[in-house]
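Hi,

Here is the structure I promised to pass on. Have a look at it first, and then read my notes below.

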Amino acid sequence: MQKFSRLNVTTFLVLATASVCSYAAAAPTSGPTSTVVYVGGNDVVLKAADGKLLNFTVPAGYHFSARGKELTVAELKPGTALIKPVATGTDPKMVSGVSVIKAKVYGTAPPDGVTLSLADGTKDFTVPAGTTFTVGGKPMSIAELKPDMMVEATVITTVGEATADAAADAVAPNTPPMTGALLVAKSAAEAELPLAGTNLPLFGMMGFVLLALGIGLVTFKKPVGQV
């Protein structure tokens with residue numbers, strides 16, 4: 001009787017183990033939530049599971065979850081599959097267009113502004129923090145760029161926060177292989193603003209002060225000969 005009971009218990013354990021293993025093998029594994037398309041400085045462009053392209057600005061110290069690894073933005077590579085949703089604390093922007101350009105530097109406004117001369121005129125771009133350009137085979141920061149230097153870049157155009165409605169209507173653009181630095185095209189409204197780091201605001205204020213002084217002198221000047 002005792003041998004029979006032990007046999008039953010052993011058989012039960014074997015069958016239970018086999019069932020668990022079979023279920024584990026049949027259970028679907030969770031796929032990636034997004035895939036890295038471009039990365040430059042502290043910006044990363046991800047292709048979400050629904051096919052949309054999202055541009056994240058990554059804060060210092062943030063880690064992404066790949067299979068069996070926790071990676072910083074500097075360790076990401078195009079094609080890296082991420083297994084957890086990205087939550088940087090700010091909403092990503094939807095990428096509506098991607099282009100690869102080769103152009104001359106027209107001017108810079110460190111830490112994050114560069115103007116390039118293109119075939120259709122000069123255009124302003126935002127440079128993600130930590131971006132490195134390659135000029136003549138040498139790495140350079142934005143502060144080291146000089147006018148007429150030739151640079152290559154992959155430019156993304158964004159359309160604001162990636163809300164659910166925008167995600168439903170937007171069509172993901174083509175994604176050519178990344179070339180050169182990653183730049184973000186400025187909107188028309190942003191391009192009209194004075195570049196950060198220039199003296200335009202200072203000159204404007206000085207002009208206003210001089211104008212006010214001139215008006216004051218004319219108003220209060222006494223006629224010649226008046227005591």
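**What I found**

The protein chain exposes about 14700 Å², and carbon and sulfur atoms supply 63% of that; accessible areas come from the Shrake-Rupley method with a 1.4 Å probe, and for residues only the protein chains shown count as cover. Before you go further: this is a predicted model, where local features need pLDDT of at least 70 and side-chain atom pairs count only at pLDDT 80 or more, while totals for chains, interfaces and linings use all residues. Residues are numbered from 1 along each chain as its sequence is written, and side-chain values use heavy atoms, with hydrogens and water left out.

Now the overall picture. The protein chain has four helices and 13 strands (DSSP runs numbered from the N terminus: H or I of at least four residues for helices, E of at least two for strands). Of its 227 residues, 29% are buried (under 20% relative accessible area; exposed is over 50%, and partly exposed is in between, with a 1.4 Å probe and protein chains only). Take the contacts (heavy atoms within 4.5 Å) with a separation of 6 or more: residues 24 or more positions apart account for 63% of them.

Strand 7 (93–109) and strand 8 pair in the antiparallel sense over five bridges (two strands pair if DSSP finds at least two bridges between them). They form a hairpin with three residues between them, and G107 has T115 in strand 8 as its bridge partner. Strand 8 also pairs with strand 9, again antiparallel, over six bridges. That hairpin has two residues between its strands, and V114 is bridged to F125 in strand 9.

V114 and F125 turn up again in the largest nonpolar core, which has 18 residues (a nonpolar core is a set of buried Ala, Val, Leu, Ile, Met, Phe, Trp, Tyr and Cys residues joined through side-chain atoms within 4.5 Å). Along with L116, F133, L145, V151 and L183, they touch the most other members. Strands 7, 8, 10, 12 and 13 each supply at least two residues of this core. Leaving out residues up to four places away in sequence, V151 touches I101, K102, A103, V105, L116, F133, V135 and L145. Apart from this core lies another, of 16 residues, including L54, A66, L76 and M94.

Two loop positions are worth a click. T131 sits between strand 9 (121–126) and strand 10. Is T131 buried or exposed? It counts as buried, because its relative accessibility is 8%. The side chain of T131 reaches the backbone oxygen of P128 at 2.6 Å. Beyond residues up to four places away in sequence, T131 touches G40, G41, M140, S141, A181 and L182.

The other position is A60, in the loop between strand 3 (53–57) and strand 4 (64–66). A60 has a relative accessible area of 85%, so it is exposed.

Finally, the rings. There is one aromatic pair (ring centres of Phe, Tyr and Trp, the last by its six-membered ring, within 6.5 Å; planes under 30 degrees apart are stacked, over 60 edge-to-face, the rest tilted). Y62 and F64 have ring centres 5.0 Å apart and planes at 80°, so the pair is edge-to-face. Both Y62 and F64 are buried.

Cheers

Key. Polar contact = N/O pair within 3.5 Å; in protein donor to acceptor, adjacent residues only side chain to side chain.
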